[in-house]
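Thanks for coming, everyone. I have one structure to walk through today. Please take a look at it first.

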Amino acid sequence: MVDNLALPALMLIEDLQHEGGGDAVFRSRCRSFAEGLQRLDFLADLTEDLGEGRLYLPQEGLDRFGVTRAVLEAGQDSAAVGELVAFTCRRTRQALMDSQALLDSTAPSFQPLQRALLELAEHQLSRVEYAGASVTRRTVGYGLRKPLSVLLRERRIIRARSS
């Protein structure tokens, strides 16, 4: 799903502002970002996806912790579900950390947007980590305060640079 859907869409968007063309390093950074965003979406929207008959968490993780679809659909707050969520969060955080390098190849005029996207993804991931196994019972969003503070900060940076 990452390589066939998320990565091509993200590379198209990122390539619009990338300095130097889409080389292998750029693609690798985009892939890390796409993977992080996709994994985050799998966790944050788990309840909603399950309710619509979809499960996107990799089978490898389910098998590793002995978690079944039925357990997730039942919203069980078990140690195994908590471990699966924590494991997936660690992999997601690593992908997001790896994608921080995208800022190095982002045109200055797009850096505020790139920084905001990365920070909001990490913020939502922290909320998922805090929610733990309860992600099987509720969708985890961004909240309101953090997105507003990130957007206002980036707006101040843009204004300061244009002064």
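**Surface, then core**

Start with L113. L113 counts as partly exposed, at 49% relative accessibility; that class sits between buried, under 20% relative accessible area, and exposed, over 50% (1.4 Å probe, protein chains only). L113 is found in helix α7. Helices here are DSSP runs of H or I, at least four residues, numbered from the N terminus.

A word on the basis. This is a predicted model, where local features need pLDDT of at least 70 and side-chain atom pairs count only at pLDDT 80 or more, while totals for chains, interfaces and linings use all residues. Residues are numbered from 1 along each chain as its sequence is written, and side-chain values use heavy atoms, with hydrogens and water left out.

Now the core. A nonpolar core is a set of buried Ala, Val, Leu, Ile, Met, Phe, Trp, Tyr and Cys residues joined through side-chain atoms within 4.5 Å. The largest one has 32 residues, and L57, V67, L72 and V128 touch the most other members. Elements giving two or more residues to this core include α2 (24-44), α6 (79-99) and α7 (111-131). The largest share, 7 residues, comes from α2.

What does L57 touch, beyond residues up to four places away in sequence? F42, L43, L46, L62, L72, L84 and T88. Contact means heavy atoms within 4.5 Å.

Last, D49. D49 lies in helix α3. Buried or exposed? D49 is buried, because its relative accessible area is 5%. Leaving aside neighbours within four places in sequence, D49 is in contact with R54 and Y56.
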